[in-house]
Each structure stands twice: as C-alpha cells, then as structure tokens.
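Me: I would like a close look at a single part of this protein. Please keep it brisk.

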Amino acid sequence: LGNIQRETLRIQELVDRMMELAALESRRQIEHPEAVALRPLLHELAASAQPVAAARRIDVVVLPGGEGDEGEGDAAVVEGDALLLRRAIGNLLDNAIDFSPTGGRVTLQLATHGQRGGGGSVDVIVRDQGPGIPDYADDKVFERFYSLARPHTQKKSTGLGLAFVKEIAELHRGRVNLRNAADGKGAVAVLTLPQMTVR
C-alpha cells in the first residue's frame, strides 16, 4: 500500500509538471515584466533551502561577485517574471543540493558583464561539490525526462527540472548551461540573463 501511494504521488507530480512545462512552452513572451533584483532573490532561496541542506550538513552560501564581475553584482537587476526566475534558480539550487556529498558546500554567485545601462548580462552561478556530470550525459541534461541518479539515494527525479530552467531562460532571452568545474570538483550551472536597461 505504501509503494502504491508513493508511486501515485510520483505520477501525479509528473503529470502536474508536464502540464506546467507545456503551458510554459506555449508562452511567447512575459505578459507583465517587472524589475527583479537578483541578489535578494539568491539570499531568499538560500534561506529556503537551509532545512533540506542542513539535514545532510550541506552549507548553502551566497558569495560576493565572482570572476568576470565588474563590481555591480549587488545591483544586478533583470526584467522578467519574478516567480519564474525564482523557480529556475530554485531548480538549479535543488539540483546542486541533491548531488552534493554529505558535509559539502553549495555556492550561489552573481557576475555582471558589460554596461549596466544596457547591453550587459548577468550570470547566476550555482556550484556544487558533487561527482560532476559523466561524459555520456553531457549533452542530455536539459532533455525532458533525462535524469541521473542522486548519489545519496540512487533515485532519479522526474527529469523535468532542467527542462523548466531552459524554457524559463529562453523566455527571458537568456540561456543556461551546466558543466563540470574546471578544477574537477563538482558541477557548475550558469544562468545568463540580459541585464535590465536603465532609462
């Protein structure tokens, strides 16, 4: 009975997320765009993730501006849908926690590029200390239903989380990529968004 209940919930989650993804894909533009300050959003998401992360002694830390930052990371503002951006970054953060080892560290960071008045971009960088992405999965991670087993449970997700992130990025005229860290320790997700034009 317990297995049936768990599978029913899993199937319901899959159906719900598929409907959400289909609705997102049908949108051609953001109906009511607003200014979204990214640093407060990162702090909010980090705080929300603490209970889950603490259960496995994982530190979730928001870092100051990173490599390539031009000193404006604290003022990084984009134009878009705040709820969708929260969902996208939240999915990347959840993923990083899922793949982190017990006692590991997940970092969130902003890096701005170009002119703040227009034409610039903002990177939201989420890094974990997990096993990284195996070579065979490198070009599949954003495909629907593709999922890797979580190291601590050996279970897979619905495989729709990163597909959501990709759709949300494109709706905001941005992009997302996921790669192994240059030092070979973990994976790095980068969500790149156009910086809001100051009129």
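Which residues of H4 are buried?

Reply: First, the ground rules. This is a predicted model, where local features need pLDDT of at least 70, side-chain atom pairs count only at pLDDT 80 or more, and totals for chains, interfaces and linings use all residues. Residues are numbered from 1 along each chain as its sequence is written, and side-chain values use heavy atoms, with hydrogens and water left out.

Now the helix. The buried residues of H4 are Gly161, Leu162, Ala163, Phe164, Val165, Glu167, Ile168, Ala169 and Leu171. Buried means under 20% relative accessible area, exposed over 50%, and partly exposed in between (1.4 Å probe, Shrake-Rupley method, only the protein chains shown as cover). That is 9 of the 11 residues, so H4 is largely enclosed by the rest of the structure. Across the protein, buried residues make up 43% of the 199 residues.

The order from the N terminus is α-β-α-β-β-α-β-β-α-β-β.

Next, the flanks. Just after H4, Arg173 takes a positive phi of about 60°. Glu143 is partly exposed, at 42% relative accessible area.

Finally, the fold's contacts. Contact means heavy atoms within 4.5 Å. Of contacts between residues at least 6 apart in sequence, 72% join residues at least 24 apart.

Note on methods:
Helix = DSSP H or I, 4+ residues; strand = E, 2+ residues; numbered from the N terminus.
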